[in-house]
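Colleague: I have a chain open here and would like to go through it with you. Can we start with how you count burial, then move on to the details?

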Amino acid sequence: MRPKNLLKNNSITVVDGKKEVIKVVRTPFGLLTRTWCRHEAECLLKLAELGFESAPKLISSTGNSFIMEKIEGKSLNGRQFRQFCDEQIFLRVLDVVRQLHAFGFAHGNLHPSNILITDRSEPVLIDFETCLQRPNPLFFLFKFSDYVRLHLLWQLRFGPSH
């Protein structure tokens, strides 16, 4: 079991015919748990208020958990990425990340497993626990990290060895 799975537990429920994700954060430190959970929930809420459509919508939050909409899609992780990620999809992912940055946010953990492609070929970013908002002094470092990870994804799929 990965250490990350000891700290976070996601479960899926169906409410009024819609799937929702309940994300529960557990640490032995109550203040850290509440801060970590509140941070991600606030990022999702602020992004929705700004009109950013490429992230799950926050439904509710409590001290150490929150509920967000469940995004149906395929992760850019593993073999699936090479099978269905063409140049157009990658360029749409790039546009989503640019829009996120234009709203003053940097994802900070832009791994293939945190990028979903819906059945309409629309990219959606998930897992905003490390997200930073400007004017945080680390914002530009996280923004740079987002672009480095996109470059690595590009090389993995379209680089000279493929």
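Modeller: A residue counts as buried when its relative accessible area is under 20%. Keep in mind that this is a predicted model.

Colleague: What share of the protein chain counts as buried?

Modeller: Of its 162 residues, 37% count as buried.

Colleague: And how many helices and strands are there?

Modeller: There are five helices and nine strands in the protein chain. Read from the N terminus, the order is α-β-β-α-β-β-β-α-α-β-β-β-β-α.

Colleague: What share of the contacts with a separation of 6 or more comes from residues 24 or more positions apart?

Modeller: Such pairs make up 63% of those contacts in the protein chain.

Colleague: On to the core. How many residues does the largest nonpolar core have?

Modeller: It has 30 residues, and those with the most contacts inside it include Phe52, Leu100, Ile115 and Phe128. At least two residues each come from strand 2 (18-25), helix 2 (30-50), strand 4 (65-69), helix 4 (87-102), strand 7 (115-117) and helix 5 (139-158).

Colleague: Which element gives the most to this core?

Modeller: Helix 4, with seven residues.

Colleague: What does Phe128 touch, not counting residues up to four places away in sequence?

Modeller: Phe128 touches His39, Glu40, Leu44, Leu47, Phe52, Ala55, Pro56, Leu100 and His107.

Colleague: Is Cys43 buried or exposed?

Modeller: Cys43 has 5% relative accessibility, so this cysteine counts as buried. Cys37 also counts as buried, because its relative accessibility is 1%.

Colleague: Where is Ser54?

Modeller: Ser54 sits in the loop between helix 2 and strand 3 (58-61).

Colleague: Buried or exposed, that Ser54?

Modeller: Ser54 is buried, because its relative accessible area is 10%. Apart from neighbours within four places in sequence, Ser54 is in contact with Val96, Pro123, Val124 and Leu125.

Colleague: Last one, pockets. How much space lies in the second largest pocket?

Modeller: About 180 Å³. Its lining has 13 residues, with Ile71, Thr118, Arg120, Glu122 and Val124 nearest the centre.

Colleague: How many nonpolar, polar and charged residues are in that lining?

Modeller: The lining of the second largest pocket has seven charged, four nonpolar and two polar residues.

Notes: Residues are numbered from 1 along each chain as its sequence is written. This is a predicted model: local features need pLDDT of at least 70, side-chain atom pairs count only at pLDDT 80 or more; totals for chains, interfaces and linings use all residues. Side-chain values use heavy atoms; hydrogens and water are left out. A nonpolar core is a set of buried Ala, Val, Leu, Ile, Met, Phe, Trp, Tyr and Cys residues joined through side-chain atoms within 4.5 Å. Buried means under 20% relative accessible area, exposed over 50%, partly exposed in between (1.4 Å probe, protein chains only). Helices (H or I, at least four residues) and strands (E, at least two) are DSSP runs, numbered from the N terminus. Contact means heavy atoms within 4.5 Å. On a 1 Å grid over the protein atoms alone, a cavity is a set of points where a 1.4 Å probe fits but cannot get out, and a pocket is an open set with protein on both sides within 12 Å along at least five of seven lines; lining residues have an atom within 4 Å of a point. Grid points are joined across faces, edges and corners, and a volume is the space filled by probe spheres set on the points. Ala, Val, Leu, Ile, Met, Phe, Trp, Tyr, Cys and Pro count as nonpolar, Asp, Glu, Lys and Arg as charged, and the others, Gly among them, as polar.
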